Amino acid sequence: MIQPDIKYMKLAIEAAVQSAKNGDYGHGAVIIKDGEVIATGYETLKSANDPVNGHAEIDAIRKACQKLGQPYLQDCIMYCTAEPCPMCMSAIIWAKMSDVAYAITRDDMIAEMERIKQSSGGKFSWRQIAIPAEYIVEHGEPKVALHPGFMREESRMLFDLTGK
Ligand SMILES: [Zn+2]
């Protein structure tokens, strides 16, 4: 269990801003090991027509594994701007990562969903699958430490960048 560091979440937020500028969802992720940035993940769901690898967390995991030349990311920390979906949270567990710090929570996304759908003309909705990251962690191994709501307020502007 680590103490999350603001400087790494700032990098994840930068990646999210870049993703939104590219016309995609405002999500971003970075993977840190021993204080070093191993990979930066961008959202490419819309731009690459890829609902699987297009999630920022999956993008970061794939890049980190390629860079380290291994299928697991033990002792690595994921910083992502929003609570990982069930697919990404499962991938984080499959990769044996130690910690996940995330900013915007699933409840925040549910609260903003309709507003974003309206303002983007239906192109973006921040749709959710009703399984919290915590539930996946409880039912998986190894146990990943979650740090929810880290820099949540600083990340809320990503709702407004998406689809702009
Ligand atoms: Zn995901």
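1. **Ground rules.** Residue numbers start at 1 in each chain and follow the sequence as written. Because the model is predicted, local features need pLDDT of at least 70 and side-chain atom pairs count only at pLDDT 80 or more, while totals for chains, interfaces and linings use all residues.

2. **Overall layout.** The protein chain has seven helices and five strands. These are DSSP runs numbered from the N terminus, with helices being H or I of at least four residues and strands being E of at least two. Along the sequence, the order is α-β-β-α-β-α-β-α-α-β-α-α. The radius of gyration is 14 Å, close to the 15 Å that the globule rule gives for 164 residues, so the chain is as compact as a globular protein of that length. That radius is taken over C-alpha atoms, and the rule is 2.2 Å times the number of residues to the power 0.38.

3. **Strand β3.** How many residues of strand β3 (residues 76-82) are buried? Seven of the seven are, so β3 is largely enclosed by the rest of the structure. Here, buried means that 20 or more other C-beta atoms lie within 10 Å of a residue's own; exposed means 12 or fewer, partly exposed is in between, and C-beta atoms are placed from the backbone. Over the protein chain, 43% of the 164 residues count as buried.

4. **Partners of β3.** Strand β1 (residues 28-33) runs antiparallel to β3, joined by five bridges; two strands pair if DSSP finds at least two bridges between them. Ile-32 stands opposite Ile-77 in β3. Five bridges also join β3 to strand β4 (residues 99-104), and these two run parallel. Val-100 in β4 is the bridge partner of Met-78.

5. **The core.** The largest nonpolar core holds 51 residues, and Ala-12, Val-30, Met-78 and Tyr-79 touch the most other members. Such a core is a set of buried Ala, Val, Leu, Ile, Met, Phe, Trp, Tyr and Cys residues joined through C-beta atoms within 7 Å. Helix α1 (residues 6-21) gives the most to this core, with seven residues.

6. **An exposed glycine.** Is Gly-121 buried or exposed? Gly-121 counts as exposed because it has 8 C-beta neighbours inside 10 Å. This residue lies in the loop between α4 (106-119) and α5 (133-138). Gly-163 is 42 residues away along the chain, and the C-alpha atoms of the two glycines are separated by 8.9 Å.
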